[in-house]
Amino acid sequence: MDSTAPLQLVFDVRTNPGDVYTITVPESITNGTGVYTIGDSDPISAATGTVISTTYNTNHTKTFTYRFDSVASVAVNINFALHNNYNAQPTPIAGMGASSKSITWTYAGQQLDPINFTQVIMPVMNPQAVTRVLPSSSTYKVIYANQDYVYQFSVGETDGIDGSADYATGQVNSAVNYGTTIRVPVPRYFTLDESATAARNGFSDETTITQPGGASSDIVITVPKGSGRQYWQNAEPYYFVGQFKTTPPLAGEKLVADGPAVVTQTIVDPQGQERTLTARAPAWTEYLRSGDGLVPCPSGSSECLVLSINGNNKGEKTANNLLLDPARKVPTLNFLGFSNSSASNFTDVELTIDVPSGFDATALVLPNATSTLPGLTQYRYSITLLDGTTMTGVAKPGDTITQTKDSPMRTVKLYPNMLASGAYTDRAESCTTLVSDNADCAGKSKMYLQGSLAAKYDDGTPVKGGDMIKTLFTITIPSVRMKDPQTGELVTFTQTVSNTQQVVLEEQLVAAVGTWGAAGERQAARPQERGLPLHDGERRRQSDHTVHLRTDLLLCAAVRHSLQQRPVDMAQQSWRCDRRSGSDDVPGG
């Protein structure tokens with residue numbers, strides 16, 4: 001059966017009054033969807049007769065009964081919905097392989113010659129060689145000994161429904177799995193971290209990944225009957241976390257596993273007999289570098305350690321904008337993030353936040369503990385306040401470090417105990433376009449610099465509209481080097497990023513209100529913004545790079561910014577906030 005083509009069963013007959021025909025179609029499989037689902041029959045006219053359908057769950061068939069009341073030539077279709085490898089299936093399918101099926105039919109109670117066909121459900125496996133993903137082997141061909149790295153192994157298995165290799169799963173496909181064992185020979189010295197591997201995979205079934213023989217022995221993936229994933233479940237490959245435990249070589253070394261990875265899977269055919277499927281993947285290969293490496297990034301740059309910084313809310317064109325509402329007790333001044341895509345683990349990282357004059361920074365929220373920050377269990381910190389006070393201590397991931405005196409933070413230094421190869425926080429960006437404390441960011445693993453906008457700078461001069469306020473974020477690693485971009489000489493590894501935000505005064509906040517007609521191409525991509533552009537609090541947009549000193553006219557600001565750069569087809573009407581009365585006057589509204 002070609003499950004890529006439409007399927008219909010055509011019933012074409014010359015009838016007489018009193019004729020009764022039945023057509024019985026078997027289901028594809030007895031415990032779920034399978035290759036096809038039996039649909040409905042085309043209707044026949046009331047003057048010609050009737051058709052009814054009955055599903056029999058005990059023998060997994062569907063019967064169509066046609067009763068005719070007149071002489072007629074009738075041609076109707078029984079329709080089938082065909083499925084492909086994407087569709088959800090039972091775990092596992094009952095009856096893999098070739099099965100003979102018969103469509104039976106009767107006239108006046110007498111059996112007529114059946115229509116026979118063969119259905120084949122046979123999975124396709126295409127396992128791939130183990131590859132390194134953190135850091136990517138395409139970026140870093142060689143790695144260090146004695147540091148944890150993350151690898152992946154993809155089985156590439158379909159459920160066999162449509163006979164193609166489409167919609168293959170990275171893990172064993174649960175639709176066909178009656179029990180699977182995968183043995184992955186490892187390059188010499190490799191040692192699996194079983195607990196970190198389990199955390200990285202986060203299995204919700206009974207799958208296990210172990211290395212029973214310890215270092216240099218095979219990794220064994222055990223996937224019991226019904227475990228695994230199907231394509232519609234967005235199944236990722238299997239992940240291995242581990243390291244090559246050995247003395248760093250004096251020169252680079254190529255390591256190759258003793259043999260291919262072997263997937264051995266049991267399936268059960270329609271006759272109830274167990275059968276074995278076997279597939280192989282190329283041997284795992286890795287390259288160790290010598291132990292004298294001091295430059296972590298390719299070409300000596302700093303690009304393999306990435307910092308990110310952004311402001312309180314994100315605008316339409318950039319995520320660096322900030323519209324600050326100082327009446328909120330704990331708004332977010334800046335979001336900050338970091339990542340290490342190098343092949344090295346670092347234990348001497350220094351992260352520095354230079355908080356600008358004009359920010360009343362009161363707290364710093366640390367990234368949550370997640371599997372993307374392996375080994376990072378604490379941060380030493382040293383924080384200097386405006387009055388010269390130095391705060392020191394140790395904090396855990398997810399902690400909030402709060403000022404100990406009523407003086408804003410000015411320099412924040414953090415010393416994470418580990419920044420592992422492949423480690424990363426979420427990107428530094430707001431979770432809303434609104435003036436917000438960013439509660440919607442709950443669960444995100446990144447840093448939050450919290451506080452409010454000060455009325456005066458540190459030297460006592462007032463903060464004014466149009467002022468630009470810049471926050472700096474720096475990473476320094478004393479143990480490694482990078483090439484100076486100007487001289488090309490090796491210098492201590494340092495990288496700095498910044499975020500600049502603009503102050504807007506309340507008297508500048510004048511809005512225009514209008515309507516527009518049919519949405520253009522740009523609006524069609526944002527259907528939530530069609531219609532009258534006077535949005536409620538959940539739908540306002542802010543302009544880029546703005547800091548708000550006062551809050552009583554915040555609605556005016558939001559409306560004004562929501563209308564910026566909008567096409568207006570009808571004449572606009574001006575709308576100005578009345579500061580004295582606290583009301584909004586909308587002429588002609």
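**A buried serine and a set of aromatic pairs**

At 2.6 Å, the backbone oxygen of Ser342 is within reach of the Ser421 side chain, a polar contact (N or O atoms within 3.5 Å; within protein, one able to donate a hydrogen and the other to accept it, and residues adjacent in sequence counting only if both atoms are side-chain atoms). The model is predicted, so local features need pLDDT of at least 70 and side-chain atom pairs pLDDT 80 or more, while totals for chains, interfaces and linings use all residues. Residues are numbered from 1 along each chain as its sequence is written, and side-chain values use heavy atoms, leaving out hydrogens and water.

Let's stay with Ser421 for a moment. Its place is in the loop between strand E28 (409–416) and strand E29 (447–453); strands are DSSP runs of at least two residues, numbered from the N terminus. Ser421 counts as buried because its relative accessibility is 4%, where buried means under 20% relative accessible area with a 1.4 Å probe, protein chains only. Not counting residues up to four places away in sequence, Ser421 touches several residues, including Leu134, Asp148, Tyr149 and Asn345, with contact meaning heavy atoms within 4.5 Å.

Now to the aromatic rings. Rings of Phe, Tyr and Trp (its six-membered ring) pair if their centres lie within 6.5 Å, and the count comes to 17 aromatic pairs. Tyr36 and Phe80 are edge-to-face (planes over 60 degrees apart), because their planes meet at 80°, with ring centres 5.5 Å apart. This pair links strand E3 (residues 36–41) with strand E6 (residues 72–82), 44 residues apart. Tyr36 is buried at 2%, and Phe80 is buried at 14%.

Notes
Helix = DSSP H or I, 4+ residues; strand = E, 2+ residues; numbered from the N terminus. Buried < 20%, exposed > 50% of the residue type's maximum accessible area, 1.4 Å probe, protein only. Phe/Tyr/Trp six-rings, centres within 6.5 Å; stacked < 30°, edge-to-face > 60°.
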